[in-house]
Amino acid sequence: MSKTSKTSDTVAQIKSMADEGFSNAQKGFAEAQATVQDNLSKGMKGAEELVSFSQGNLEAVVKAAQIWATGVQELSRQMLTTVQATAEEGMANVKALAGVKSVKEASDLQASFAKASLDKSVAEMQKISTDFYRLAESAAAPLTARVQLAVEKANAFRV
């Protein structure tokens with residue numbers, strides 16, 4: 001083999017190695033680019049889900065606040081109505097006391113009024129307590145649902 005032939009073979013080998021290296025580099029870059037695009041796509045999807053979930057949380061807080069505000073207004077109206085009724089009953093009792101003819105009649109009337117007032121107050125407090133409990137439960141429902149959804153999503157990541 002002549003020196004020119006050896007040089008040509010060496011150049012051909014170097015060229016072949018360079019072509020193979022370039023081809024491998026192109027494949028590596030293409031795979032890396034595909035991996036980066038896939039990860040970027042997954043990251044964007046995750047970010048969109050996070051924004052959507054956060055928006056749902058905000059909506060749940062707003063809904064809970066609306067339920068609470070409406071309920072508190074209704075409870076306030078109930079209490080005001082109760083106070084007005086109690087005041088009217090008190091005035092009626094004072095008028096009735098003004099027309100009594102004996103201390104015994106006044107004492108009986110006052111005892112009857114006190115018993116009726118106490119019974120009514122206990123019943124009204126029970127009603128308000130029950131209504132308040134229902135209000136708290138209703139207002140918490142949107143938030144409870146979001147917490148439950150968050151737990152479900154967190155459990156889905158574990159599997």
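Me: Before we start, what do the values rest on?
Reply: It's a predicted model, where local features need pLDDT of at least 70 and side-chain atom pairs count only at pLDDT 80 or more, while totals for chains, interfaces and linings use all residues. Residues are numbered from 1 along each chain as its sequence is written, and side-chain values use heavy atoms, with hydrogens and water left out.

Me: Why is Lys42 called exposed?
Reply: Buried means under 20% relative accessible area, exposed over 50%, and partly exposed in between (1.4 Å probe, protein chains only). Lys42 has a relative accessible area of 53%, so it counts as exposed.

Me: And what makes Lys42 and Asp38 a salt bridge?
Reply: The term asks for a side-chain nitrogen of Lys or Arg within 4 Å of a carboxyl oxygen of Asp or Glu. Here the N to O distance is 3.4 Å, so the pair qualifies. Both residues lie in helix H1, 4 residues apart, about one turn of the helix. Asp38 has 39% relative accessibility, so partly exposed is the label for Asp38.

Me: What is the general idea behind such a pair?
Reply: Side chains of opposite charge can pair when their charged atoms come close.

Me: How do you know that Lys45 and Glu49 form a salt bridge?
Reply: Their closest N and O atoms are 4.0 Å apart, and the cut-off is within 4 Å, so the pair is counted. These two also sit in helix H1, 4 residues apart, about one turn of the helix. Lys45, at 54% relative accessible area, is exposed, whereas Glu49, at 41%, is partly exposed.

Me: How many salt bridges does the structure hold, and which residues are linked in a network?
Reply: There are 9 salt bridges in the structure. Lys127, Asp131 and Arg134 are linked in a network of them.

Me: What makes Trp68, Val72 and Phe132 a nonpolar patch?
Reply: Patch residues have over 30% relative accessible area and no salt bridge; like charges are joined within 9 Å, and nonpolar side chains (Val, Leu, Ile, Met, Phe, Trp, Tyr) within 5 Å. The patch comes to about 260 Å², with areas taken from the Shrake-Rupley method and a 1.4 Å probe, where only the protein chains shown count as cover for residues.

Me: What makes something a pocket here, rather than a cavity?
Reply: On a 1 Å grid over the protein atoms alone, a cavity is a set of points where a 1.4 Å probe fits but cannot get out; a pocket is an open set with protein on both sides within 12 Å along at least five of seven lines, and lining residues have an atom within 4 Å of a point. The largest pocket holds about 240 Å³ of space. Its lining has 13 residues, with Thr82, Thr86, Lys120, Ser121 and Glu124 nearest the centre. H1 supplies the largest share of that lining, 7 residues.

Me: How does the second largest pocket divide by class?
Reply: The lining of the second largest pocket has 6 nonpolar, 1 polar and 2 charged residues. Glu49 is one of the lining residues, and H2 gives the most to this lining, with 5 residues. The volume is about 170 Å³.

Notes
Points joined across faces, edges and corners; volume = space filled by probe spheres on them. Nonpolar A, V, L, I, M, F, W, Y, C, P; charged D, E, K, R; others polar.
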